[in-house]
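Hi everyone, thanks for coming.

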Amino acid sequence: MQTSAFAQWLVVLVETLAALFMLLLAVGVMVLLVVWLVDRNQTANSVLRNFPVIGHFRYWFLHLGEFFRQYLYSSDREEMPFNRAQRTWVYRAAKNSENTNAFGSTRDLRAEGVPFFVNAPFPSLGQHHVVPRPVTLGPYAREPYSHSAFFNISAMSFGALSAPAVRALSIGAAKAGIWMDTGEGGLAPYHLEGGCDIVFEIGTAKYGVRTPEGKLDDQKLLEICRHPRVKMVSIKLGQGAKPGLGGLLPGAKVTPEIAAIRGIPVGEDSQSPNRHLDIGSVRELMDATVHIRELTGKPTGFKAVFGGMEWIDELCEEVHRRGIESAPDFIIVDGSEGGTGAAPQTLMEGVGLPLREALPALVNTLIRHGLRERIKVICSGKCITAYDVAWALSMGADFVNSARGFMLALGCIQSLQCNRNTCPTGITTQNPKLQRGLVVTDKSERVYHYAKNVMQEVGIIAHSCGVEEPRQLDRTHCRVMGDDGISVPLVKLFPYPEGYVRGA
């Protein structure tokens with residue numbers, strides 16, 4: 001009896017599954033028929049019109065190709081904007097893993113443009129790396145800022161980044177002794193949570209310190225700068241990924257919290273002006289710099305991407321007319337290779353000087369005008385490994401900022417979805433379900449280790465070159481491979497102005 005009941009139950013199950021299969025098959029056929037009819041009769045897409053249904057596979061493969069290339073087909077040195085070898089270096093530094101390799105480098109040391117460093121024949125005994133010394137910014141400000149770390153977190157706004165990402169960066173930065181730039185999105189409580197030093201950035205929309213009309217609200221700025229962790233103020237004129245275009249925060253990311261911090265409507269796209277409403281000339285830039293420094297007491301400078309140095313010549317001449325104390329305390333030069341969450345491809349790929357040209361041009365301009373020591377130089381733009389940072393110091397930078405390097409330290413997998421609110425690692429999304437993947441206690445440690453290991457390995461390079469601290473690296477310590485397979489010293493490619501002696 002039991003066997004007969006089981007057999008009957010089995011027959012019913014098979015018949016039910018068969019009926020369900022036939023139903024699903026019929027539904028599938030109907031769906032395919034509808035798609036075929038729609039594709040065949042639409043006029044917008046030629047491929048789908050000529051190849052209904054199967055034409056959709058083209059777009060599916062195009063989408064999947066991005067992921068297959070990243071993991072299966074591209075070699076370690078092929079991908080952009082950062083190849084697998086670069087990302088792996090950052091991941092290992094962030095995890096504090098062993099950084100030695102076997103057998104030989106996979107980096108093509110004969111490729112044009114590859115930099116390498118000139119070791120000293122007799123480096124110092126008893127140490128394997130040298131440590132940085134403090135550099136003072138804003139000697140004429142009421143609260144000058146002395147800072148040792150030459151590698152710091154570049155401008156990334158809360159809103160573009162998630163709250164867990166900002167919290168992890170803040171905690172890790174405090175432990176590493178580095179600063180964190182707020183980006184143009186205003187000062188969030190998450191920036192302050194870790195207790196790190198803060199550079200407050202004023203963007204063209206003046207988020208967080210704006211009047212309803214978009215002008216600077218002195219009282220709001222003063223309140224922000226009263227926080228003891230806010231050490232400097234940066235006026236953002238532009239950034240490398242989108243010169244001449246203000247930042248864009250998609251409406252999907254404008255939560256009530258972000259809207260309150262920035263002073264903008266909830267759920268609406270937020271497009272910053274392409275420049276500050278009150279800064280339309282070098283003189284107005286200097287007026288704004290002096291005003292903010294006198295108001296807040298903090299060292300004040302500006303960030304820009306350069307198309308030429310003529311306006312910096314004009315700025316330096318204006319400084320000499322007004323007096324040395326009127327100079328900006330720092331200039332952040334952003335190369336055109338800089339990244340962002342959302343920018344037109346035309347601007348991202350075709351406008352602005354790359355860092356390798358803009359940085360030495362800016363340094364040389366300041367040298368010619370006798371302002372190199374007064375105005376500190378900070379740079380950013382794809383500097384994520386130790387030799388990238390060492391190259392920038394050799395070119396003349398006092399500090400090097402990185403944004404995407406620290407995003408990779410947080411766990412970014414370069415999925416290229418920063419502008420879609422679908423970041424799979426929870427870094428550049430306001431979706432709580434995706435943010436859950438970013439565990440602050442773990443990622444803050446990786447931020448700390450990444451910063452520490454970059455600076456230590458730059459110290460190793462500097463020690464090998466025979467200098468006493470990393471900022472003593474100069475253009476005589478680095479060579480660049482030429483198109484003929486012979487390397488050329490940086491000092492020959494980018495000579496210092498006549499008569500200049502570094503450190504004199």
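This is a predicted model: local features need pLDDT of at least 70, side-chain atom pairs count only at pLDDT 80 or more; totals for chains, interfaces and linings use all residues.

Let me start with what I mean by a patch: residues with over 30% relative accessible area and no salt bridge, where like charges are joined within 9 Å and nonpolar side chains (Val, Leu, Ile, Met, Phe, Trp, Tyr) within 5 Å. The accessible areas come from the Shrake-Rupley method with a 1.4 Å probe, and for residues only the protein chains shown count as cover. A salt bridge, for this talk, is a side-chain nitrogen of Lys or Arg within 4 Å of a carboxyl oxygen of Asp or Glu.

Residues are numbered from 1 along each chain as its sequence is written, and side-chain values use heavy atoms, with hydrogens and water left out.

Okay, the overall picture. The chain has 17 helices and 15 strands; those are DSSP runs numbered from the N terminus, helices being H or I with at least four residues and strands E with at least two. Along the principal axes, the C-alpha atoms fill a box of roughly 100 × 60 × 50 Å. Of the 504 residues, 51% are buried, where buried means under 20% relative accessible area, exposed means over 50%, and partly exposed is in between (1.4 Å probe, protein chains only).

Now, that patch. Which residues make the nonpolar surface patch of about 1,000 Å²? They are Phe6, Trp9, Leu10, Leu13, Val14, Leu17, Leu20, Leu23, Leu24, Val27 and Val31. Take Val14 as an example: you'll find Val14 in helix H1, residues 2-41, and with a relative accessible area of 48% it is partly exposed.

Let's move to a pair of helices. H9 (residues 282-296) and H10 (residues 310-322) have axes that come within 10 Å and cross at roughly 55°. Axes here are lines fitted to C-alpha atoms, for helices over the stretch in contact, and the angles run from 0 to 180 degrees between N-to-C directions. That makes H9 and H10 oblique to each other.

On to charges. Side chains of opposite charge can pair when their charged atoms come close. How many salt bridges does the structure hold? There are 18. Arg283, Asp287, Glu318, Arg321 and Arg322 are linked in a network of them.

Arg293 sits in H9 and Asp329 in the loop between H10 and strand S11 (330-334), so the pair ties together parts that are 36 residues apart in sequence. Asp329 also forms a salt bridge with Arg374, with the closest N and O atoms 2.9 Å apart. Here again distant parts of the chain get linked, since Arg374 is in the loop between H12 (355-368) and strand S12 (376-380), 45 residues apart from Asp329. Buried or exposed? Asp329 is buried, at 0% relative accessibility, Arg293 is buried at 6%, and Arg374 is buried as well.

Compare Asp442 and Arg446, whose closest N and O atoms are 3.5 Å apart in their salt bridge. Both lie in helix H16 (residues 440-464), four residues apart, about one turn of the helix. Asp442 is partly exposed at 33%, and so is Arg446 at 22%.

Conventions
Angles under 35 degrees count as roughly parallel, over 145 as roughly antiparallel, 65 to 115 as roughly perpendicular and the rest as oblique.
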